[in-house]
Amino acid sequence: MSGPSPGLAGQSTGQGSAPPAGWYPDPDGASGLVRWWNGLTWSDVTTPAGPGVTVGRPFEAPPAQDPPSSWDSWASPEPARPRRNPLLLGLGGFLLVLVLVLAGLLIGSSGTDPEPDDEAPVAAAAPAPGQEFPPGTVRIIDEAAGISYPFLGAGWFEWDRGVQLEMAAVAGQYFVTQDDLPGASGVFIAQCTSGPLAPFYGWAGPGTLQSTATAVADSVRSRYYPEPNEREVRRDEAVTVDGAAAWVVEFDLTWDAEGYDASGERAALLLVDVGRPAPALLYLSVPNTHAELYGAIDRVLADVDVL
């Protein structure tokens, strides 16, 4: 996710109830786009209006509420305290003191502190599944990066895994291919993510597309894959994306690392000069445990639009 949802919680239609979840005209005013409303707030997910996408009537948000004025205001309001009978309060205090005295006498007479019961083992919480895309999604529109590309369908989840150091913000899709990597390595995933390029890869305009793409490719190789590994470059060339200058690097990595289901992966990086201070970076990777999905890389690279 590139950031907080743009909508307001509790939005209503003016008839006292929020509209049902569904696609509605984009409240940001983007022409030809509809945005997913989950019944409470606006999602970050948009898609072009067209066949197969049922669009509801537009509705207006109520005036935004003032933000909390202090940290204390984040807490729930304190409920009104009922008035109590002074006599009952006195009796209650006396009984409480009596109970504490008796408990102290019992513990002292035992000679030892009571041993606590054995604690029940706490099961480790399983990682929550990723967020599914709204029904009817056909493209992922990354407004921060300035590009859009195909949604790859059922089984791919909306990116919710936090930052990716090569990008200033991250959008896209992924699924977990192995969740029991050795050590503290986390999980292994297939992914198709995008975002504005982070500012430390040497970008200085269209003339540096190749050198910048090479620097990013070296970065992901050393950061996300077991070492040592070998790389076979499949593509390293200038391309045009929707009329914009771009550079693509596609390669196969192989390794022999104990504890990994995959022994290799196909990856591709597409860097697009979208006319902004930072170019758009698209990063795709599929481990060889799912080699039947290698075609998805070609499908996405062939269908990228500049916003």
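1. Asp218 and Arg231 meet through their side chains in a salt bridge, at 3.0 Å from N to O (a side-chain nitrogen of Lys or Arg within 4 Å of a carboxyl oxygen of Asp or Glu). Asp218 belongs to helix 2 and Arg231 to strand 9 (residues 229-241), so the pair ties together parts 13 residues apart in sequence. Helices (H or I, at least four residues) and strands (E, at least two) are DSSP runs, numbered from the N terminus. Asp218 is partly exposed at 37% relative accessibility, and Arg231 is partly exposed at 30%. Buried means under 20% relative accessible area, exposed over 50% and partly exposed in between, with a 1.4 Å probe and protein chains only.

2. This is a predicted model, in which local features need pLDDT of at least 70 and side-chain atom pairs count only at pLDDT 80 or more, whereas totals for chains, interfaces and linings use all residues. Residues are numbered from 1 along each chain as its sequence is written, and side-chain values use heavy atoms, without hydrogens and water.

3. A salt bridge also joins Arg223 and Glu166 (2.6 Å, N to O). Arg223 lies in helix 2 (residues 209-224) and Glu166 in the loop between strand 6 (157-158) and strand 7 (171-178), 57 residues apart. Arg223 is partly exposed at 40% relative accessibility, whereas Glu166 is buried at 0%.

4. Asp305 forms a salt bridge with Arg139, with 3.5 Å between the closest N and O atoms. Asp305 is in strand 13 and Arg139 in strand 4, so this pair connects parts that are 166 residues apart in sequence. Arg139 is buried, with a relative accessible area of 11%; Asp305 is partly exposed at 30%.

5. Strand 4 (residues 139-142) pairs with strand 5 (residues 147-150) in the antiparallel sense over four bridges; pairing requires at least two bridges found by DSSP. Asp142 stands opposite Ile147 in strand 5. Strand 5 also runs antiparallel to strand 13 (residues 305-306), joined by two bridges, and there Ile147 stands opposite Val306.

6. The protein has three helices and 13 strands, and 39% of its 307 residues count as buried.

7. The average pLDDT (the predictor's confidence in each residue, from 0 to 100) is 77, and 69% of the residues score at least 70. Over residues 1-16 the pLDDT is below 50, although this stretch has 43 contacts (heavy atoms within 4.5 Å) beyond near neighbours in sequence. Residues 108-127 also stay under 50, with two contacts beyond four places in sequence. Where pLDDT is low, the predicted coordinates should not be read in detail.
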